[in-house]
Amino acid sequence: MGKLAILLVMLAAVAVGAVDPPKIELRLMPFNYSAPRMKDDTVTHIMVHFSSACDLHPKTPYDVEENIGKYLQYGVSTHYLIDREGVLYVVTPEERIAWHAGRGKLPFEPYYENMFNHHSIGIELLGIGTAEELAVLGVNQETYDQIPKELLGFADAQYPTLTWLLDQLYGRYNIPKDRYHVVAHSEYAPTRRPDPGVLFDWTRIGLPMKPEDKKQTQ
């Protein structure tokens, strides 16, 4: 319980003085779905993901418990999850390595081939990409067509929460605010992961759409 108390105090502290901090809920996964972060596991990057249960329930794909249940089923984890109302769920403490990136390699230095988890914070947004993107994950067209159109993409309420969280992480770990340090899962593992996909608007969190785009939207 000591670690949980410290975590809650930390979250309360970073919220002091913040503009419209989001609602924060603690929903920790079992610690056997993460690993201790060693002293050489310096956090230098942030990865943005999407997740949903549209393959199981295309009409109601965004139940938080069901999505965390899928993480448990597949042996993966994340540090944070942001639901459609903008509520921020703490899923794995930052001092632990969450299993969110898997195998892959950045297309630019420092590459972190198959080691990205050790140096990053993972953030899941409840969201759904295009039919082509979901096909990569095994969701067929018939299932995709059952998803209500208003549930595709990302909710307006998610962007302010993500922006707030990123600002905390930039400051806490001295991470540069650019697309070389805040990356998509698809940029690390392009052959198996499409997220967060083309429906995610990077400019709404003050970043360019692609790493090579030098101009940033502030």
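**Fold and aromatic contacts of the predicted chain**

Of the 218 residues in the chain, 50% are buried (under 20% relative accessible area with a 1.4 Å probe, protein chains only; exposed is over 50% and partly exposed lies in between). The model is predicted, with local features requiring pLDDT of at least 70 and side-chain atom pairs pLDDT 80 or more, whereas totals for chains, interfaces and linings use all residues. Residues are numbered from 1 along each chain as its sequence is written, and side-chain values use heavy atoms, without hydrogens and water.

The chain contains six helices and eight strands (DSSP runs numbered from the N terminus: H or I of at least four residues for helices, E of at least two for strands). Their order along the sequence is α-β-β-β-α-β-β-β-β-α-α-α-β-α. Of the contacts (heavy atoms within 4.5 Å) between residues at least 6 apart in sequence, 71% join residues at least 24 apart.

Six aromatic pairs are present (ring centres of Phe, Tyr or Trp, the latter by its six-membered ring, within 6.5 Å; planes under 30 degrees apart are stacked, over 60 edge-to-face, the rest tilted). F116 and Y188 form a tilted pair, 5.0 Å centre to centre with 45 degrees between the planes. This pair connects the loop between β6 (96–98) and β7 (120–126), which holds F116, to Y188 in helix α6 (residues 185–188), 72 residues apart. Both F116 and Y188 are buried.

F200 and W202 pair edge-to-face, at 4.9 Å and 90 degrees. Relative accessibility is 1% for F200 and 4% for W202. Ring pairs join F154, Y159, F200 and W202 into a cluster. The charged end of R179 sits over the W202 ring, 3.7 Å from its centre (CZ of Arg or NZ of Lys within 6 Å of the ring centre and within 35 degrees of the ring normal). K105 likewise lies over the face of Y111, 5.2 Å from the ring centre.
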